[in-house]
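The following paragraphs lead the reader through the structure shown here, beginning with a pair of strands and ending with the confidence of the prediction.

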Amino acid sequence: MSDVVLETKGLVKHFPITRGIVFQSKVGAVRAVDGVDLQLNRGETLGVVGESGCGKSTLAKLLVGLEKPTSGEINVRGEDMVRLKGRDLRRARRHIQMVLQDPYTSLNPRMTVGDIVGEPFEIHPDVTPRSGRTKAVQDLLDIVGLNPDHVNRYPHQFSGGQRQRIGIARALALKPEIIVCDEPVSALDVSIQAQVINLLEGLQDELGLSYIFIAHDLSVVRHISDRVAVMYLGKIVEAGGDVAIYEQPTHPYTQALLSAVPVPDPRLRGQRDQIVLEGDVPSPANPPSGCRFRTRCWKAQDICAQEEPKLEIRDRSGHPSACHFAEAREMFASG
Amino acid sequence: MSDIQAATAEEQPDAAAPEPRHNAKRDKPRSLAADAWADLRRNKIFWVAAVLVVIIVTMAIFPSLFTSANPRACTLSRQHSGPTGSAFFGYDFQGCDVYARTIYGARASVEVGVLATLLSGVIGLIFGLSAGYFGRWVDAVLSRFIDIVLGVPFLLAAIVLAKRLSQDPQNNGVVAVIVTLGVLGWTSAARIMRSSVIAAKNQDYVAAARMLGAGPARLMMRHILPNSIASFIVVLTILLGINIASEATLSFLGIGLKGDAISWGIAISEAGPYVRVAPTPLIWPSVFLAVTVLAFIMLGDAVRDAFDPKLR
Amino acid sequence: MTDIKAEIDALPGLDPQAPLLDVNDLHVEFRTRDGVARAVNGANFTLKPGETLCILGESGCGKSVTAQAIMGILDTPPGFITEGQVRYRGIDLLKLPEAERRKVRANHIAMIFQDALSALNPVYSVGFQLGELFRKHRGMSRGDAKKRSIELLDQVRIPAARSRVTDYPHQFSGGMRQRVMIAMALALDPEVLIADEPTTALDVTVQAQIMNLLADLQNERNMGLILITHDMGVVADVADRISVMYAGKVVEEAPVYDIYARPAHPYTRALLESIPRLDHKGRQLNVIRGLPPALTAIPDGCAFHPRCSYAKDDCRQDPPPPPYAVQPNRTARCHFWREVVGDE
């Protein structure tokens with residue numbers, strides 16, 4: 001575990017709920033991310049799964065510096081990104097880049113593909129000398145499987161999958177070590193998803209990248225991840241290797257989540273023991289006391305309301321699980 | 001590496017294949033503006049409006065191309081007499097050539113319209129961009145200020161302002177009218193700019209640029225402004241038409257252009273009392289005014305339709 | 001209630017023996033500035049009471065347009081139905097006068113959409129919108145309509161239906177809103193329900209709730225359900241039969257078990273191999289190279305041939321492959337279906 005490229009400690013982001021326009025008063029806070037510790041090793045893919053509103057997108061924004069955390073540390077190569085300012089911050093940002101979800105809105109429609117992929121070089125002029133930039137942009141397009149001669153085209157002349165490749169080329173321009181992928185394939189069609197997933201995997205092997213792969217599609221996350229963290233209401237409730245999480249989950253939420261995913265095999269119909277959760281996710285502005293999942297949990301006892309379970313290895317859970325009653329449940333036999 | 005090559009190979013056929021969903025025939029790089037132009041070219045209303053605007057602007061710059069008569073050569077003996085020779089529209093109360101005066105009147109109208117619109121545009125751009133980009137209290141203060149200006153009764157404020165600005169009797173009032181219209185007319189443009197800046201600011205590509213470490217200047221000039229300016233320009237085109245009409249209104253009321261200035265507004269105002277005796281000196285400047293205003297507004301409408309992303 | 005049934009019985013072509021819904025050779029095109037987009041080029045399927053038919057396909061394959069054409073909510077222009085029949089119990093809906101057609105659809109065929117928020121009117125309470133259906137189509141009084149609305153919300157398992165009936169659509173969560181829309185669709189006891197990507201915008205746990213609810217309601221009422229989706233997991237869970245659409249055509253139609261065990265069309269096969277699966281982890285996903293064709297420029301012959309690994313010269317030329325009978329109740333539009341089925 002020596003080769004940690006990214007580590008967060010006690011990462012918290014609360015969005016204040018305010019009233020008034022000129023004279024604002026704080027009336028509460030949405031606890032989007034509420035104490036997240038995670039580690040990413042070199043060359044590894046860490047999957048982050050959870051349902052909408054669990055804070056996974058906010059986590060992505062915090063990691064790449066689009067939002068400032070309320071508290072906590074984000075260490076990239078030993079430097080705390082949260083404390084850095086000005087030039088140092090700009091330099092440090094090169095190491096961590098992001099691929100955004102929607103390929104239709106993440107590219108400026110008024111810029112050519114060459115300008116979009118070359119923009120990182122303009123912002124960080126010391127990376128590539130001016131004379132070599134056209135070549136660098138064409139190389140990037142080539143790497144992501146686009147025709148390098150298309151630098152003068154505009155985004156709307158490309159399909160969704162091709163646009164996502166442009167977004168990946170832009171993220172690669174500064175030669176980052178870490179790429180945060182926020183739902184990179186969820187806006188794409190099934191047949192195109194596989195192309196982009198394969199590209200991401202190929203680039204990882206080729207360039208030694210580390211990925212944080214955020215998605216709501218558990219099948220995609222399983223396919224690409226080495227380790228997986230499951231989020232619920234701003235907290236990680238379970239973390240571990242992909243086999244541990246997918247085949248022997250110990251947190252009730254993970255179990256429910258996995259059991260709800262339809263499997264593309266009609267022979268399994270009716271044979272899976274599906275756990276259907278009742279009700280909706282509570283509001284992150286007013287989360288339940290103790291364990292946040294207790295309001296929908298079939299195992300909940302008094303202790304769950306009083307004491308918040310820590311994310312730790314437990315008697316019946318070989319990997320960290322934030323449940324007082326963590327116990328492995330066999331989900332899918334490895335195929 | 002094999003994966004990457006495989007991926008490259010997969011996509012290569014598409015590069016040659018027609019682009020999906022978009023005009024399959026043309027394969028040249030085209031910007032949104034080029035797309036809009038392709039659209040405009042097929043729009044008849046656009047062509048009608050454009051031809052009219054070109055004629056009107058030419059008339060404003062080179063009135064002598066359209067008439068050889070001197071609009072200031074008036075002889076009372078010809079008062080209200082019918083069309084003769086080059087004076088197609090006859091003569092007015094002062095015995096001036098109505099046709100010549102109508103042609104020469106275009107200059108004042110277009111000059112006031114264009115300059116007042118430019119002034120409004122500059123003010124509106126600054127207010128709209130700052131309010132939209134900075135948000136929070138800047139937006140709150142600027143937006144309230146816009147509301148206040150919008151709440152001022154236009155005609156009342158224009159009368160006060162124009163009177164104040166043109167006390168010098170030597171002055172023919174052009175600057176005063178431009179400033180008056182410019183200072184009172186920018187609010188709708190500023191509001192449009194503000195809302196489209198806010199829309200553009202929240203786009204993912206702006207987040208992507210911020211993530212790369214782009215500063216506020218780059219974000220504004222490269223990403224936000226180019227994506228929010230289209231509707232602003234359209235509003236200005238329409239405002240141009242409105243300003244031309246307003247100039248005529250002010251001149252008609254006697255607080256706009258004066259002295260020896262020639263303008264449609266003055267002509268309409270002067271011909272008003274004699275409309276029963278001689279309607280033509282009133283009708284022709286009115287027709288030119290209406291057509292000019294309509295041409296600019298139609299042009300603005302056509303451009304808006306072409307740029308409207310909802311139709312793309 | 002009875003008079004409406006009587007009216008429909010009087011319509012021309014009614015045949016109690018005919019299938020519940022029969023779509024035959026449906027063609028829809030969109031006449032746009034960039035040319036004619038052939039969105040649906042011969043869609044065929046039938047639906048029996050109590051059956052679940054899934055229409056599977058990627059965006060732009062014509063699956064939603066087919067549903068809109070059946071429902072008569074196609075935007076015309078630019079959309080035009082150029083050929084084909086849509087028969088409800090033998091009555092060709094496309095040939096009926098507008099008023100009659102509307103009556104048949106209102107009472108017998110209902111549809112739910114992906115985006116419940118925009119499908120519900122934001123300025124009326126859900127109770128009012130439900131009640132309006134009963135008042136207008138069933139002539140109920142205000143009080144009875146309200147009572148029926150509460151019953152219905154209860155049936156779609158909205159907790160505390162009595163107090164929520166006066167709430168507005170935005171006051172419901174995504175999953176609850178979908179339930180409200182299902183309630184509205186079921187209000188007039190339709191025999192056919194068309195669900196267009198009903199769970200795509202929802203989280204998996206909510207998706208499971210909604211799919212279970214739909215299955216229960218379908219069983220209770222013996223409804224025919226047409227489920228339009230791109231999610232092969234959902235299809236495997238609920239479908240009886242599957243129609244796979246590509247570039248406006250049904251390229252394969254088969255019972256669910258057969259299609260997953262032995263796909264007969266290369267496109268179906270490639271789709272199944274390209275999805276990552278939850279229950280096992282493979283390293284490299286199979287990829288369908290290239291992109292679906294633009295609907296304005298569908299290739300000659302089989303529309304899938306530029307992306308197909310089985311394609312030979314026959315596939316590149318018109319006429320496109322006809323629906324070959326793979327089994328008695330199973331068709332595939334591929335000249336080489338034997339090889340595709342045989343390959344492991």
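In chain C of this predicted model, strand S1 (residues 21-32) and strand S4 (residues 79-88) run antiparallel and are joined by 8 bridges. Within this pairing, C:Asn24 has C:Gln85 of S4(C) opposite to it. Both strands belong to an open sheet of 4 strands in chain C, ordered S2-S1-S4-S5, in which the pairing is antiparallel. The edges of that sheet are formed by strand S2 (35-47) and strand S5 (91-92) of chain C, each of which pairs on one side only.

Chain A holds an open sheet of 4 strands as well, with antiparallel pairing and the order S2-S1-S4-S5. Here strand S2 (25-41) and strand S5 (79-80) of chain A stand at the edges; each has a single partner strand, so one side of each is left without a neighbour in the sheet. For S5(A), the pairing with strand S4 (residues 71-76) of chain A is antiparallel and extends over 2 bridges.

Helix H6 of chain C comprises 14 residues (residues 142-155); at 1.5 Å a residue it should span 20 Å, and because its end C-alpha atoms are 20 Å apart, the expectation and the model agree. Which residues of H6(C) are buried? They are C:Ala145, C:Lys146, C:Ser149, C:Leu152 and C:Leu153. Viewed down the axis of H6(C), these buried residues fall within an arc of 125 degrees, and they therefore line one face of the helix. That buried set packs against helix H5 (126-138), helix H7 (161-164) and helix H8 (174-186) of chain C. On the face of H6(C) turned away from the buried side are the exposed residues C:Gly143 and C:Glu151. Just after H6(C), the backbone at C:Arg157 adopts a positive phi of about 60 degrees.

The contact between chains A and C draws 35 residues from chain A and 38 residues from chain C. On the chain A side, helix H6 (190-207), helix H7 (218-224), helix H8 (242-247) and helix H9 (252-260) each contribute at least two residues. Of the elements on this side, H6(A) gives the most, with 6 residues. By residue class, the side of chain A that touches chain C divides into 17 nonpolar, 11 polar and 7 charged residues.

Chain B is built from 12 helices and 0 strands. Of its 312 residues, 40% are buried. Among the contacts in chain B with a separation of 6 or more, 68% join residues 24 or more positions apart.

There remains the question of confidence. The model as a whole scores ipTM 0.83 and pTM 0.80. Chain C averages a pLDDT of 84, with 95% of its residues scoring at least 70. For chain B the mean pLDDT is 78, and 85% of the residues reach 70 or more. Where in chain B is confidence lowest, and where is it highest? The lowest value belongs to helix H1 (residues 2-16) of chain B, at a mean of 38, and the highest to helix H8 (residues 187-201) of chain B, at 90. The pLDDT is below 50 over residues 1-29 of chain B, a stretch that has 48 contacts in the model beyond near neighbours in sequence.

Definitions and conventions
Residues numbered from 1 in each chain as written. Chains lettered and ligands numbered in written order. Predicted model: local features only at pLDDT ≥ 70, side-chain atom pairs only at ≥ 80, totals over all residues. pLDDT = per-residue confidence, 0-100. Contact = placed C-beta atoms within 7 Å. Nonpolar A, V, L, I, M, F, W, Y, C, P; charged D, E, K, R; others polar. Pairing = 2+ DSSP bridges. Expected span 1.5 Å × (residues − 1). Buried ≥ 20, exposed ≤ 12 C-beta atoms within 10 Å, placed from the backbone. Arc of directions from axis to C-beta.
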